[in-house]
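Let's take a walk through this structure together. Have the sequence and the 3D view ready, and follow along.

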Amino acid sequence: MAYSLYLTMFDYSLGLEPQFVGLANYIAFSTDPAFWYAANVTFIYSFAGVTIQLIAGLGIALLLSRQMKGASIVKTIIVCPLMMAPVTIGYLWRLLVMPQYGALAYTLDIIGFKDPHLLVPPFVLWVIILAESWQWTPFVALCLLAGILSLPSDMIEAAEVDGVSRAQKLRYIVLPSLRNVITIVFLIRLIDLLKGFDTIYTISTGGPGLATSTISFIAYIMWVFLLKFGNATTYAWLLVIIVNIVVIVFSRVFFGRRR
Amino acid sequence: MLMLVACIYILPISWGVLTSLKTHSQIAGPSPVLFFAPTLQNYVDLFEKYDFVLWLMNSAVVATTTTLIDIGLGVVTAYVIARFNFRGKQNFAFWILSFRFMPAVAVVFPLFVLFGYLKLLDTLVGLIVAYVPFTLPFSIWLLNGFIEEIPGELDEAALVDGCSRLGMLRRIILPILKGGILVTAIFTFFLCWNEFLIALIITRQTTRTMAVGYTMFVTAQQIFWGDMFAAVTITLIPVIVFMWVLQKHITSGLTLGAVKG
């Protein structure tokens with residue numbers, strides 16, 4: 001359908017002479033341990049990332065929706081990371097986390113976690129997730145804020161008149177109405193995370209060994225360092241297919257006929 | 001509570017800026033230094049030791065050109081999509097959107113081969129050619145959202161009055177669309193400015209963009225944090241300026257896609 005249209009538009013990428021072999025590659029990948037390891041990393045990275053961002057984003061959005069003074073200043077501040085290059089933010093966090101002189105590492109040291117080495121597994125991945133979330137949570141927050149602010153106020157007022165508690169209001173009124181926005185934001189971020197590259201490159205270059213390599217990243221490694229072009233492209237395309245499937249599935253499930 | 005959030009965001013950035021004012025031994029010493037005598041040596045180094053200006057220029061040129069092309073093509077395409085109903089419109093829309101799903105990794109290798117063949121490697125033109133297909137769909141999507149906000153009756157009224165399609169576009173739609181175009185332009189600009197992977201692969205010394213430039217501070221022996229953050233601070237200035245001036249527009253643009261759906 002639309003997907004095959006899309007595929008043909010990029011036929012130049014499969015126009016390599018190993019195209020024949022390419023099909024065999026698609027089968028071979030399932031036995032490559034590196035792929036499955038990377039798939040694991042990708043999975044953790046993506047889902048942890050999206051979850052953190054949604055929860056934190058929602059929290060921030062709720063805070064902002066109360067329209068306290070200073071809210072607009074805060075809004076301006078937190079939107080900054082979105083405009084910064086992911087590369088920049090990657091290096092920033094790497095600096096903060098460096099064993100001896102990183103500010104974050106030092107703070108942890110003082111608090112009591114002696115001498116944290118945050119650039120090794122299992123912490124590295126979480127540092128990357130942290131950096132990514134730091135950059136993108138504001139985006140989630142702003143989208144959710146827009147959604148919250150567009151909620152019909154009469155419904156909320158009616159509930160308040162009925163004496164509903166804050167937590168109940170959240171659960172039964174706000175969240176369901178936000179369902180559409182949440183889904184879209186979830187999808188957008190999930191896709192971005194699945195493709196993620198810049199942050200990983202700048203913080204750990206795939207991690208000690210392959211510890212923080214996502215599928216996207218090992219495709220890169222395969223290509224640049226191992227020169228296994230066929231494999232690299234295969235993996236990259238697998239990622240594309242996965243992403244598309246994810247999107248289509250989610251769209252159907254949440255949107256029904258539209259899109 | 002909100003203060004906490006603000007702090008979480010200000011602290012790392014200010015640390016970065018502070019770092020740009022330190023000497024290397026202060027940065028990479030046994031423990032982080034909070035109070036120190038600032039030095040501007042890093043900034044000087046930027047211009048002397050590195051091709052900083054070149055990187056900036058490259059990024060600026062590529063980003064601006066791509067944005068201009070995107071807006072030019074985007075407005076027309078978005079208008080067509082918004083106003084006309086043609087067969088397969090849903091599919092076409094999805095196809096355009098699907099570019100966003102594309103991991104750069106998948107495209108980078110073929111791009112490299114193709115450009116090598118076309119002698120487009122390490123050229124600004126090549127970069128622009130690479131960036132436009134990537135950013136155009138996104139621009140079209142955004143612009144489409146904005147155009148849909150404009151009632152179709154406006155078009156019809158103008159047509160009835162004897163205006164040509166093109167003239168109407170220019171004289172009526174465009175002025176109304178200005179805010180939307182601005183938002184889209186900013187997004188596209190930053191998308192190109194911050195783009196990393198493709199630039200990494202396609203550029204060499206002459207056309208290196210800012211994003212790749214940051215990696216130049218990382219050598220095998222050590223990372224020149226001070227210089228790097230001097231660069232970061234400098235590039236941070238336009239970001240902050242943009243943010244401050246255009247805050248309202250950006251918020252509406254960002255959320256437009258999400259809320260409208």
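## Two helices crossing

Helix 3 of chain A and helix 10 of chain A make a right-handed crossing; a crossing counts as right-handed if the near helix is turned clockwise from the far one by less than a right angle, and left-handed if anticlockwise. Helices here (H or I, at least four residues) and strands (E, at least two) are DSSP runs, numbered from the N terminus. This is a predicted model, where local features need pLDDT of at least 70, side-chain atom pairs count only at pLDDT 80 or more, and totals for chains, interfaces and linings use all residues. Residues are numbered from 1 along each chain as its sequence is written, while chains are lettered from A and ligands numbered from 1 in the order in which they are written.

How do these two meet? The axes of helix 3 (residues 33–65) and helix 10 (residues 179–195) of chain A come within 9 Å and cross at roughly 145°. Those axes are lines fitted to C-alpha atoms, for helices over the stretch in contact, with angles running from 0 to 180 degrees between N-to-C directions. On the helix 3 side of chain A, the contact includes Tyr45(A) and Val50(A), and on the helix 10 side of chain A it includes Phe186(A) and Leu190(A). Being in contact takes C-beta atoms, placed from the backbone, within 7 Å.

## The nonpolar cores

Which residues touch the most other members of the largest nonpolar core? Out of its 107 residues, they are Trp93(A), Ile128(A), Leu144(A), Ile198(B) and Met228(B). Helix 7 (residues 123–149) of chain A gives this core its largest share, 17 residues. A nonpolar core is a set of buried Ala, Val, Leu, Ile, Met, Phe, Trp, Tyr and Cys residues joined through C-beta atoms within 7 Å. Buried means 20 or more other C-beta atoms within 10 Å of a residue's own, exposed means 12 or fewer, and partly exposed is in between, with C-beta atoms placed from the backbone.

Setting aside neighbours within four places in sequence, Trp93(A) is in contact with Val127(A), Leu130(A), Ala131(A) and Ile203(A).

## Around chain B

Chain B has twelve helices and zero strands, and 39% of its 261 residues are buried.

Is Arg204(B) buried or exposed? Arg204(B) is exposed, because it has 10 other C-beta atoms within 10 Å. You'll find Arg204(B) in the loop between helix 10 (197–202) and helix 11 (210–213) of chain B. Its C-alpha atom is separated by 5.4 Å from that of Asp122(B), though Arg204(B) and Asp122(B) are 82 residues apart along the chain.

Methods:
Two residues are in contact if their C-beta atoms, placed from the backbone, lie within 7 Å.
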